[in-house]
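Student: Could you take me through the side-chain contacts in this structure, with a close look at the charged pairs and the aromatic rings? I would like to know where the partners sit along the chain.

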Amino acid sequence: VDGAQSACHREIDVKALGCDWFVCSGHKLGGPFGVGLLYSREPLPPAAFGGGMVEEVTVERTTFARPPLSWEAGTPNVSGAVGLAAALRFRRSLPAGWQAHEAALLTRTEELLSALPVVRLLGSGPREGCVSFVIDGVQPFDAAALLDQLGIALRSGHHCAQPLLRSMGLEYALRASPAFYNTMEELDALARGLDRVLSLLRGR
């Protein structure tokens, strides 16, 4: 299971999922780049070899440490692991109701974007974590750059989903990702910012 987009929005119970593997990138949880999580229901054989993951080495044979040490060849990313642990502790300390707050922000984002006739939302049905959209006649990179000048951060690009976007006849899109630390007022600022962008790029 690729949990990069879910672990930051809900509690994950890998046993309830019944998955063989669960992976998640650390930066999605607010941790550093270059570190992540891997859960494996069954022990995996070593994939790389180096110091720290061996138990004993002789001329005749090598035995390996127990997982997860057997997967950690060479010098570990200590600072990344410490940063990820801090991010996880912070998330576990969030007050009750943070998920409901995120859901309300997401609903409001969808409402504000839907109110703009030149904006097309991508996908339908229940959403979690983000709303992807395109603006008729406006390049996503241009819109994102202008919004950035207004202090509004959106993601622009293919979002690691090129085949999906191409199936929709698109190459790039915009993505708004309201999170627990955002406010309704910031969403209103997004709507005002988009209105300014449309005035500049579409002459309205």
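Tutor: Happy to: we will go through the salt bridges and then the ring pairs. This is a predicted model, in which local features need pLDDT of at least 70 and side-chain atom pairs count only at pLDDT 80 or more, while totals for chains, interfaces and linings use all residues. Residues are numbered from 1 along each chain as its sequence is written, and side-chain values use heavy atoms, with hydrogens and water left out.

Let us begin with the charges. A salt bridge here is a side-chain nitrogen of Lys or Arg within 4 Å of a carboxyl oxygen of Asp or Glu. The whole structure holds 6 salt bridges. One of them brings together Glu128 and Arg10, with 3.0 Å from N to O. Glu128 belongs to the loop between β5 (119-121) and β6 (131-135), and Arg10 to the segment before α1 (14-17), so this contact ties together parts that are 118 residues apart in sequence. Helices (H or I, at least four residues) and strands (E, at least two) are DSSP runs, numbered from the N terminus. Both partners are partly exposed: Glu128 has a relative accessibility of 36%, and Arg10 one of 40%. On this scale, buried means under 20% relative accessible area, exposed means over 50%, and partly exposed lies in between (1.4 Å probe, protein chains only).

Now look at Arg108, which has two partners to consider. With Glu111 it forms a salt bridge whose closest N and O atoms are 3.5 Å apart. Through shared partners, Arg108, Glu111 and Asp188 are joined into one network. Each member is partly exposed, with Glu111 at 44%, Arg108 at 30% and Asp188 at 29%.

Next come the rings. Rings of Phe, Tyr and Trp (its six-membered ring) pair if their centres lie within 6.5 Å; planes under 30 degrees apart count as stacked, over 60 as edge-to-face and the rest as tilted. By this rule there are 5 aromatic pairs. Among them is Phe49 with Phe64, whose ring centres are 5.7 Å apart and whose planes meet at 40 degrees, so the pair is tilted. Phe49 sits in the loop between β2 (36-40) and β3 (54-57), while Phe64 is in strand β4 (residues 62-64), 15 residues apart. Phe49 is exposed at 59% relative accessibility, whereas Phe64 is partly exposed at 32%.

Phe90 and Phe180 make another tilted pair, because their planes lie at 45 degrees, with ring centres 6.1 Å apart. Phe90 is in helix α2 (residues 78-92) and Phe180 in the loop between β8 (173-176) and α6 (184-202), so the pair ties together parts 90 residues apart in sequence. Phe90 is partly exposed, with a relative accessible area of 46%, but Phe180 is buried at 17%. Ring pairs also link Phe90 and Phe180 with Trp98 and Tyr181 into a cluster.
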